[in-house]
Amino acid sequence: MILHPVDTILSLVLLSVLFSYGASRVPGLIMVVGFQGIVASMVPLFIGHDMTTGGIIFTFATLLIRGVIIPMSIYIAIKKVEIKREVEPIIGFHASILCGLGLIVAATFISRQLNIPSISEYTLLLPTAIALLVTGMFLLIARRNAIAMVLGYIMMENGIYLVGTTISVRARHIVEFGILLDILAGVMIMAIILQNIKRTFDDVDTAHLRTLKE
Amino acid sequence: MVEIIFLTPFLTGILAFFLPKAVGRQLLVGTGAIHLFLSLLLWKNRPQAYFDGYFAVTPEGLLSLLVISLLFFLISIYTISYLEESGIQKENIFTGFMLLFLSTMTMVTLSDHIMVMWIAIEATTLASAPLIYTHRSSASLEATWKYILICSVGIAMALLGSVFITLAMDIGNVDAPLSFSSLTNVAKTLDPVWLKAGFVFILVGYGTKMGLAPMHTWLPDAHSEAPSPASALLSGVLLNCAYLGIFKTNKIMHAAGLNDFSGTILIVFGLISILAAATFILKQNEYKRMLAYSSIENMGIIAFGTGIGGIGVYGAIICMIHHSLIKSSLFLSSGNILLGYGDRYIKNTGDMVRRMPKTFVAFFGGFAGISGFPPFGIFIGEFFIIVGAFRTGHYIAAGIFILSLCVIFAGFANQVMKISFNSSSDDSGENLDSIKPIGLKEKASMVWPQYILLLTSLILCFYMPDTLYQTIIDAVAALGGGFK
């Protein structure tokens with residue numbers, strides 16, 4: 001079996017997924033998410049069914065925003081307001097990495113079963129997308145640092161983007177546009193709230209956010 | 001041109017950010033009036049949309065749109081007085097986002113394209129999050145954080161579901177526009193497995209936004225921390241918008257002959273929501289949270305009715321309209337209580353019948369309506385749903401349904417009685433001084449919107465205009481609903 005070039009870069013993403021389970025500090029996690037964002041936005045170029053000039057420009061704009069602008073601005077933000085760098089795990093790192101390994105195996109197994117015709121030649125596409133999605137959710141659940149949670153959310157969106165833009169050509173641009181809008185506005189508002197959390201509690205540990213229950 | 005109806009509040013909303021307070025308030029009511037006028041016009045003419053594949057005027061959309069317009073107009077009148085009394089900081093941000101919120105919700109009711117629907121529903125989250133954070137307390141911060149994170153993740157699931165539906169088209173070799181109406185026409189040729197997967201993800205995603213348990217955890221926090229006019233909008237119309245997404249997807253499922261599958265899931269989620277509301281409403285000590293749990297209950301009822309099918313769908317739509325009217329009036333009244341007593345806990349209120357008589361009438365009337373007393377619309381809706389459940393043989397589900405409604409009624413009544421009649425703190429006479437004076441004069445503009453909402457609901461029980469009745473029948477016919 002010959003690996004398609006797409007699969008080669010996707011294998012790096014899978015590795016970075018594993019890394020994100022073990023990342024203990026926020027800057028490392030930001031780099032990982034940025035890398036995944038770049039690769040996820042590049043993949044449609046390789047699978048491009050019929051690329052128009054507008055489409056290519058749009059893809060590059062997406063790449064710039066997801067891969068560079070958003071991670072950079074988060075990085076600058078945490079430098080500026082001196083937010084704590086530890087991700088405050090609820091589930092420990094060793095257990096997390098083990099979870100990650102199990103997940104990748106499971107994702108590969110499930111993707112084999114699904115058998116989607118339009119992407120069957122790219123072996124790693126679906127496993128990577130599933131892995132990104134679940135890892136994002138894992139970070140949302142198992143990390144208490146609010147920035148790690150936002151990064152988890154972005155990772156999840158990366159996974160959906162990978163599926164959404166490759167599985168079907170039909171709605172591709174509107175999916176791209178939607179996710180882009182979502183991630184831009186969503187992350188912006190999250191950042192504003194984060195700043196306020198930091199100002200109110202002098203920390204971004206979500207353990208402080210425990211007054212509202214039931 | 002249909003699109004003008006959501007572009008107007010969008011433009012005025014952006015304008016409101018830069019205008020002084022007084023102008024912003026006028027703008028709020030003015031836009032509300034224009035919006036109501038436009039939606040009545042739309043209701044009468046039912047024109048084609050300019051962007052045809054993306055927007056369309058559908059019966060179920062029209063129903064939600066009219067509810068949104070009416071509610072927003074009345075709420076905006078209330079909001080002016082509320083803003084004067086409550087002293088919210090950065091008022092132009094509040095009014096601006098109220099208008100943007102109106103714009104995004106209107107867009108949801110008119111969107112026909114699956115992805116545009118998704119974008120519009122996500123936009124409602126983004127436009128309403130700043131409203132919840134209006135009071136700038138640490139509790140409202142937490143509520144906003146929870147709201148935006150849980151809803152964004154939920155709606156991401158809905159996006160995945162929408163992608164699965166496009167996959168169902170590819171596998172079924174269907175070449176049609178990706179709009180709800182055209183998909184309903186070709187539903188039989190879609191791949192059933194991926195369609196089912198798509199429906200489940202969309203239900204979980206939009207269900208999060210609609211407040212179905214167990215994804216409801218953001219709802220009580222957001223509704224209790226937002227300023228009362230915003231709570232009224234959140235509960236009265238935002239939840240309906242999310243329901244609209246589920247309703248339209250369910251239409252595709254029904255056309256594809258998979259309504260047993262989708263119905264069962266809707267019944268299960270509906271019952272879980274009603275049960276969750278029944279569990280939590282009993283021990284609530286804040287009145288706005290109590291109202292929020294009542295919203296979860298009603299969304300459960302609506303999902304349950306939709307799942308039952310037949311006459312149940314008709315009941316669900318009736319419940320949806322009346323819930324919007326009554327619950328928004330209750331939330332506005334709760335704003336008066338909050339301003340009057342200056343406290344959000346039930347134990348610190350009491351004796352409202354004498355201390356705030358006008359608000360009492362609105363609050364108690366709303367309570368009677370929402371808990372399903374016979375003349376009110378919720379009663380009629382629930383009655384149809386129960387009849388539908390028995391007709392289709394869902395005896396156990398109907399039993400759980402009725403039992404939970406009784407529990408909720410008991411819990412709700414207990415708390416409302418405390419707020420209205422409890423005079424524990426002043427009948428002994430000695431701690432009379434400790435009672436704070438009521439900090440609110442009950443102005444006409446702070447009670448009449450509630451009265452009008454309740455009256456509208458009451459009138460609709462006895463007299464329903466033919467065009468409204470026909471629109472409801474058209475909407476439910478696509479789900480096999482109606483009186484047959």
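Just after helix 4 of chain A, N115(A) adopts a positive phi of about 55 degrees. Helices (H or I, at least four residues) and strands (E, at least two) are DSSP runs, numbered from the N terminus. This is a predicted model, in which local features need pLDDT of at least 70 and side-chain atom pairs count only at pLDDT 80 or more, while totals for chains, interfaces and linings use all residues. Residues are numbered from 1 along each chain as its sequence is written, and chains are lettered from A and ligands numbered from 1 in the order in which they are written.

## Helix 4 of chain A

A residue is buried if 20 or more other C-beta atoms lie within 10 Å of its own, exposed if 12 or fewer, and partly exposed in between, with C-beta atoms placed from the backbone.

## Chain B as a whole

Chain B has 19 helices and zero strands. For its 484 residues, a compact globule would have a radius of gyration near 23 Å, and the value of 22 Å for chain B agrees. This radius is taken over C-alpha atoms, and the globule rule is 2.2 Å times the number of residues to the power 0.38. Of the 484 residues, 62% count as buried.

Two residues are in contact if their C-beta atoms, placed from the backbone, lie within 7 Å. Of the contacts in chain B with a separation of 6 or more, 82% are between residues 24 or more positions apart.

## Helix 9 of chain B

Eight of the eight residues of helix 9 of chain B are buried, so this helix is largely enclosed by the rest of the structure. The buried residues include W218(B), D221(B), H223(B) and E225(B). They pack against helix 5, helix 6, helix 10 (228-255) and helix 12 (287-308) of chain B.

## Backbone features in the loops of chain B

Most residues other than glycine have a negative phi, and most peptide bonds are trans. The peptide bond from A213(B) to P214(B) is cis, with omega near 0 degrees. P214(B) is found in the loop between helix 8 (192-210) and helix 9 (218-225) of chain B.

K90(B) has a positive phi, near 50 degrees, and lies in the loop between helix 3 (59-86) and helix 4 (91-110) of chain B. Phi of D351(B) is also positive, near 55 degrees; this residue is in the loop between helix 13 (311-341) and helix 14 (352-355) of chain B. K90(B) counts as partly exposed because it has 13 C-beta neighbours inside 10 Å, and D351(B) counts as partly exposed with 19.

## Where the chains meet

In the contact between the chains, 29 residues of chain B touch 32 residues of chain A. Helix 5 (114-132) and helix 6 (138-171) of chain B each supply at least two residues of the side of chain B that touches chain A. Helix 6 of chain B gives the most, with 20 residues.
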